[in-house]
Amino acid sequence: MTIRSSIKVQKINMEFIKVTENARPYVALIQLNRPKELNALNLQLMGEIRDTLKKLDENDEVRVVVITGNERAFAAGADIKQMAGKTAIDMLNIDQFSTWDQIRKTKKPIIAAVSGFALGGGCELAMTCDMIIASETAKFGQPEIKIGTMPGAGGTQRLTKALGKAKAMELVLTGDFLSAEDACSYGLVNRVVPVELYLEEAFRLAAKIAAMSPVGVKLAKESINRSYETHLDEGLHFERKNFYLTFASEDQKEGMNAFIEKRRPDFKGN
Ligand code: CAA
């Protein structure tokens, strides 16, 4: 690989993400930047990630992308405040997951560097990446059940593939969190490092991959995904429809409003 130490670091700030095109030689960094909201994934933020990944995929100076949040939160899920009042048909029409489908089509490898909360859509975003480096403080989970809905961006599919049916069922039906150490023992994450090292470790892994043949890397990623993603499309479609369906229930309204009003939800089953 050419030494490019003289090249100027190219930073782009968008509304909800910060992008450094050459954070390391041939490695780009996307940092989620809604710290007060624990990087809750609103539609705009997801759109910014999608557009950025598309550009980075076309940029020959980038071979690997790292996505991170901050020490407290990778992302605490889809933005509940943006969704709370929506109907099932609103959700169907908004079609937020088409953005996620585009992210999934990125050809270059993506590494999630996760510290703190990776919950709901945050856990799903990390799992949509190709590899995960976690800090000791990382907590993974799909707590949507606690707010009257269910995972909608691949959680029921990817968590089940990674953890097996019994553990995935427990996490999705209770909303309990999985520690970084347990996530590693199940193979959900590549490795766990002290909190001060998680981004550096992601860069280290990225640099190793960036030194390989970009063509080989792209084709190998595509091939692994082909093995991994057989039946995934059908599963994602099924999950998405059921996620939208929860928005036809009173329990979803009660669950999300209770979160916003900081009280316990009273679920009635309708
Ligand atoms: N959406 C919108 N806002 C969120 C959010 C989310 N997912 N998660 C946190 N926030 C906001 C909080 O409302 C709070 O804002 P205010 O200061 O304005 O009140 C701020 O971020 C800080 O959060 P907390 O005060 O709650 O922080 P905490 O340390 O007490 O708790 C937490 C942290 C356990 C992560 C808690 O915030 C939480 O439970 N968040 C929601 C997790 C969740 O349910 N995620 C799933 C979302 S649905 C989904 O993702 C669907 C899908 O599959 C696509």
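Me: By class, what does the shell around the ligand look like?
Reply: The shell has 15 nonpolar, 4 polar and 8 charged residues. Ala, Val, Leu, Ile, Met, Phe, Trp, Tyr, Cys and Pro count as nonpolar, Asp, Glu, Lys and Arg as charged, and the others, Gly among them, as polar. This is a predicted model, where local features need pLDDT of at least 70, side-chain atom pairs count only at pLDDT 80 or more, and totals for chains, interfaces and linings use all residues. Residues are numbered from 1 along each chain as its sequence is written, and side-chain values use heavy atoms, with hydrogens and water left out.

Me: How many residues surround the ligand, and which are closest?
Reply: 27 residues surround the ligand (a heavy atom within 4 Å). The closest are Arg72, Ala78, Gly121, Glu124 and Lys262.

Me: What does the side chain of glutamate 124 do there?
Reply: An N or O atom of that side chain sits 2.7 Å from a ligand oxygen. For glutamate 144, the side-chain N or O atom is 3.0 Å from an oxygen of the ligand. Lysine 81 also puts a polar side-chain atom 3.0 Å from a ligand oxygen. A polar contact is a pair of N or O atoms within 3.5 Å; within protein, one must be able to donate a hydrogen and the other to accept it, and residues adjacent in sequence count only if both atoms are side-chain atoms.

Me: Which element gives the largest share of the shell?
Reply: α2, with 3 residues.

Me: New topic. How many helices and strands in the protein?
Reply: 12 helices and 11 strands. These are DSSP runs, numbered from the N terminus: helices are H or I, at least four residues, and strands are E, at least two.

Me: And what box do the C-alpha atoms fill?
Reply: Roughly 60 × 35 × 35 Å, along the principal axes.
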